Structures are given as structure tokens and as C-alpha cells.
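Subject: Structure handover

Hello,

My notes on it follow below.

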Amino acid sequence: MGHDSGTGRQSKVERLLEAYDLEPLGAELEAAWLGEGRERQSLRSLANRFNRALLVAAIREAGMDVVDGEPANFYRLLTDDDVSAGQRVEARNRLERGGVDVERLENDFVTYQAIRHYLTNVRGARYERGDDTEQVDRERDSIDRLQSRVETVVRDSVDRLRNAGRLTVGEYRVFVSVEILCQDCGGQFSVGDLLRRGGCRCEQD
């Protein structure tokens with residue numbers, strides 16, 4: 001059993017590292033978060049790395065035949081907001097046919113908060129400027145939830161109008177984009193790009 005923060009229970013990340021036989025990944029995540037020997041990775045990118053490793057392990061366990069790059073593409077199809085519902089269902093069905101329990105796998109996918117808990121509370125890792133990155137992650141998470149909510153509201157409205165015979169539309173997708181225009185440098189970015197860049201062009205000018 002792990003040495004979680006006094007609760008006597010393993011953290012989700014610890015439990016999954018054990019269940020999927022991925023224990024060495026824990027040290028790799030810590031080194032990547034602290035930037036040891038390479039560029040430091042954010043908690044969000046580490047969560048994606050962890051979840052992709054779960055998917056690869058599940059595919060391997062199922063004995064599913066895949067080509068190079070296919071597991072990463074499966075992960076994108078299961079999790080990316082830009083993927084259509086049809087593509088996602090197709091990917092899920094292909095994995096299920098290959099022997100992967102997709103529902104269990106998706107329940108096992110972790111958030112960046114779970115990675116942070118594991119690194120700080122379980123492994124005792126500390127990063128002196130971690131608060132800066134975590135604040136960006138928190139705000140981005142809040143924006144992502146808001147955009148997802150807008151997408152759901154729009155889709156529900158369109159579906160109601162279509163079902164009532166008030167609107168004709170075929171298979172469709174809803175895009176919600178928030179753009180930020182800096183009036184000083186003229187740079188225009190999606191909010192996600194701006195947060196990833198850490199600023200507009202004012203810094204370069």
C-alpha cells in the first residue's frame with residue numbers, strides 16, 4: 001500500500017501505476033515536473049502523458065494489434081474536444097473489439113489535480129515556482145468548463161428546434177472559440193494559445 005497523506009489509502013495515481021504495472025512512470029513524472037535535465041512539463045501535460053501510458057498498457061494487455069502512432073491517435077480520439085461524436089464512437093468500438101474495456105479505462109483517466117496530489121502529497125515533490133503554473137492550469141480549467149457548457153447549451157437548443165421542425169440541419173458540430181485581441185501589439189490569439197504562450201507579442205516588442 002502507498003503512503004498517502006495520512007489517510008491510509010492509496011492515491012488514485014499510485015493505485016493505477018500498480019494496477020497497470022507502470023511503477024517506473026512515477027519517478028519520470030516527478031523528474032518532468034521538476035524539469036530535471038529537460039524543459040519542465042506542466043501538470044496538464046503530465047496528466048495526458050499518464051493517461052496515454054494507461055491506454056498503451058491496456059492495449060498491450062488486450063493483445064490488440066496496433067501500428068506505431070495508433071495508441072496516441074486513439075487517445076486523441078477519446079479525449080480531444082475537436083473530435084466529432086461519430087469519430088469518438090468509432091474509436092471506442094475499435095478498442096472494444098480489440099478487447100480493451102474502454103469504460104474502465106476512461107474512468108481510470110486522471111486529471112492534472114490527481115497528478116499534483118500524487119507528486120506533492122505522495123512523492124513529496126516541491127517546485128518553487130509551481131504556484132504560477134498551477135494558477136494558469138486552474139484558470140484554463142475554468143475556461144474549458146465554461147466553453148464546454150456553452151457548447152452543450154447551443155447543441156441542446158439546436159436539437160430542440162430541429163426536433164420541433166423549426167430548423168433544418170444535417171449532422172453538425174458546435175465550435176466555441178474565445179479570442180483575445182491585444183490592442184497594444186495587435187496580436188490575436190485563442191485563449192488557450194495565449195495561456196500556453198504565456199503572453200502576447202508585447203513581450204517581444
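Among contacts in the protein chain (heavy atoms within 4.5 Å) between residues at least 6 apart in sequence, 54% join residues at least 24 apart. This is a predicted model, in which local features need pLDDT of at least 70 and side-chain atom pairs count only at pLDDT 80 or more, while totals for chains, interfaces and linings use all residues. Residues are numbered from 1 along each chain as its sequence is written, and side-chain values use heavy atoms, with hydrogens and water left out.

Overall layout

The protein chain has nine helices and two strands; these are DSSP runs, H or I of at least four residues for helices and E of at least two for strands, numbered from the N terminus. Starting at the N terminus, the order of elements is α-α-α-α-α-α-α-α-β-β-α. Along the principal axes, the C-alpha atoms fill a box of roughly 60 × 55 × 35 Å.

Of the 205 residues in the protein chain, 35% are buried. Buried means under 20% relative accessible area, exposed over 50%, and partly exposed in between, with a 1.4 Å probe and protein chains only. The chain exposes about 12,900 Å², and carbon and sulfur atoms supply 44% of that area (Shrake-Rupley method with a 1.4 Å probe; for residues, only the protein chains shown count as cover).

The pocket

The largest pocket holds about 1,700 Å³ of space. The search runs on a 1 Å grid over the protein atoms alone: a pocket is an open set of points where a 1.4 Å probe fits, with protein on both sides within 12 Å along at least five of seven lines, and lining residues have an atom within 4 Å of a point. Grid points are joined across faces, edges and corners, and the volume is the space filled by probe spheres set on the points.

The largest pocket is lined by 46 residues, and the closest to its centre are Thr-79, Asp-80, Asp-81, Asp-82 and Asp-144. By class, the lining has 16 nonpolar, 13 polar and 17 charged residues (Ala, Val, Leu, Ile, Met, Phe, Trp, Tyr, Cys and Pro count as nonpolar; Asp, Glu, Lys and Arg as charged; the others, Gly among them, as polar). At least two lining residues come from each of α3 (43–62), α4, α5 (85–97), α7, α8 and α9 (191–197). Helix α8 gives the largest share, eleven residues.

Asp-137 is found in α8 (residues 130–163) and is buried, at 5% relative accessibility. Apart from neighbours within four places in sequence, Asp-137 is in contact with Ser-42, Leu-43, Arg-44 and Tyr-112. Tyr-112 is also one of the buried residues of α7, along with Ala-114, Ile-115, Tyr-118, Leu-119, Thr-120 and Val-122. After α7 comes Gly-124, with a positive phi near 70 degrees.

Not counting residues up to four places away in sequence, Gln-147 touches Val-176, Ser-177, Val-178 and Val-191.

The aromatic pair

How many aromatic pairs are there? The count comes to one, where rings of Phe, Tyr and Trp (its six-membered ring) pair if their centres lie within 6.5 Å, and planes under 30 degrees apart count as stacked, over 60 as edge-to-face and the rest as tilted. The ring centres of Tyr-75 and Phe-109 are 5.5 Å apart and the planes stand at 80 degrees, so the pair is edge-to-face. Tyr-75 sits in α4 (residues 70–79) and Phe-109 in the loop between α6 (102–108) and α7 (112–122), so the pair links parts of the chain 34 residues apart. Both partners are buried: Tyr-75 at 6% relative accessibility and Phe-109 at 14%.

Ala-91 lies in α5 and is buried at 4% relative accessibility. Its C-alpha atom is 9.1 Å from that of Tyr-75, 16 residues away along the chain. Leaving aside neighbours within four places in sequence, Ala-91 is in contact with Phe-74 and Leu-77.

Phe-74 is also among the contacts of Met-64, which include Arg-94 and Leu-95. Met-64 lies in the loop between α3 and α4.

Regards
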